[in-house]
Amino acid sequence: SNLSASCWSHLHPVNMFNSYNVKFHHSKALTSPYPGSHIERSQVPEDKVGWLTEWKDYNPVEYTAKSVLARPSWADPQINDEGFSPKFNERDGEVERKSLNGLYVVENGRPRNPVGRTGLTGRGLLGRWGPNHAADPVVTRWKRDGSGNKVAHPVSGKNILQFVAIKRRDCGEWAIPGGMVDPGEKISATLRREFEEEALNSLQKSPEEKAKLEKQLQKLFSQEHLVVYRGYVDDPRNTDNAWMETEAVNYHDETGETMDNLSLEAGDDAGVVKWVDISEKLELYASHSYFIKLVTEKWGAHWSEDPGSECHE
């Protein structure tokens with residue numbers, strides 16, 4: 001999870017949104033049963049999510065999935081395993097244990113979710129104690145008619161933006177194609193790799209086909225792009241000791257020429273992939289709708305039929 005400072009600067013962010021001040025509240029991180037299990041979280045009332053609120057009787061359920069305990073390459077050992085002494089809040093060998101949201105508390109040897117209680121301790125489905133870093137490439141183009149003209153929304157009058165969406169195999173929800181940053185991997189490489197794997201099925205392509213794909217995508221992924229969001233994600237897999245963080249980056253194909261020549265093909269964790277018209281009616285996985293909304297604001301694209309809802313809070 002190579003999320004070091006030099007790696008971030010590699011992204012040449014333009015017009016960075018002031019998204020660090022976004023106040024996150026747990027919603028999806030409190031849902032039961034926990035994904036892929038029958039485990040019910042301990043119920044956490046809204047007024048007791050924050051750690052600053054004293055709650056002596058808080059007794060969360062402990063759960064780490066068997067798939068994580070089997071110690072695949074992407075997972076840490078258990079905290080008390082002999083020889084495991086993670087360096088929290090810093091770079092730990094090839095693994096980045098720094099949070100994008102600043103320092104987090106480590107209590108009894110376990111990192112504590114910076115946003116608050118989730119009703120579940122352990123790691124659930126997440127491999128790392130503390131932050132689990134992901135990258136989400138938001139690939140967009142303008143919706144066009146048969147003559148190649150941009151299509152405006154009949155109510156808002158704003159042009160309609162489309163993005164490449166995948167239907168996740170694990171939960172059936174629509175999402176931005178994305179995935180985990182491998183240890184030692186630059187985030188720019190993760191963004192591109194995940195898009196190729198999930199939206200273009202690159203893992204099933206021959207070396208020749210893959211090389212052709214790379215060449216076609218080079219222009220899109222090397223142009224100026226917008227870092228839409230960096231930080232904590234309200235994700236249903238989060239626990240008190242492990243949580244998702246992401247960098248969402250928008251790659252916009254202004255003319256449509258690059259993406260029109262590529263056939264979308266679902267692969268890896270994606271069941272379906274397609275271009276989707278963006279509007280506030282979209283229901284997407286985790287915090288993805290929020291990321292998409294920020295992209296529409298950047299391009300002045302259609303979001304809502306209600307003119308009042310597009311104002312900044």
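Q: With which residue does Arg193 form a salt bridge?
A: Side chains of opposite charge can pair when their charged atoms come close. In this predicted model, Arg193 forms such a salt bridge with Glu185, and their closest N and O atoms are 2.8 Å apart.

Q: Are Arg193 and Glu185 buried or exposed?
A: Both Arg193 and Glu185 are buried. They also belong to a network of salt bridges that links Asp182, Glu185, Arg193, Glu194 and Glu197.

Q: How many salt bridges does a search of the whole structure find?
A: The search finds 21 salt bridges. One of them joins the side chains of Glu54 and Lys56 at 2.7 Å, N to O, and there Glu54 and Lys56 are exposed. Another joins the side chains of Asp76 and Arg97 at 2.9 Å, N to O. Asp76 lies in the loop between α2 (66-69) and β2 (91-92), while Arg97 lies in the loop between β3 (95-96) and β4 (106-107), so this pair ties together parts that are 21 residues apart in sequence. Asp76 is buried, and Arg97 is buried as well.

Q: At what angle do helix α3 and helix α4 pack?
A: Helix α3 (residues 187-199) and helix α4 (residues 207-222) pack at about 135 degrees, with their axes 12 Å apart. The two helices are therefore oblique to each other, and their crossing is right-handed.

Q: Which residues make the contact?
A: From α3 come Leu191, Arg192, Phe195 and Glu196, and from α4 come Glu214, Leu217, Gln218 and Phe221. Sorted by kind, the residues of this contact are 4 nonpolar, 1 polar and 3 charged.

Note on methods. Residues numbered from 1 in each chain as written. Predicted model: local features only at pLDDT ≥ 70, side-chain atom pairs only at ≥ 80, totals over all residues. Heavy atoms only, no water. Salt bridge = Lys/Arg side-chain N within 4 Å of Asp/Glu carboxyl O. Buried < 20%, exposed > 50% of the residue type's maximum accessible area, 1.4 Å probe, protein only. Helix = DSSP H or I, 4+ residues; strand = E, 2+ residues; numbered from the N terminus. Axes fitted to C-alpha atoms, helices over the stretch in contact; angles between N-to-C directions. Parallel < 35°, antiparallel > 145°, perpendicular 65-115°, else oblique. Left-handed = near helix turned anticlockwise from the far one by under 90°. Contact = heavy atoms within 4.5 Å. Nonpolar A, V, L, I, M, F, W, Y, C, P; charged D, E, K, R; others polar.
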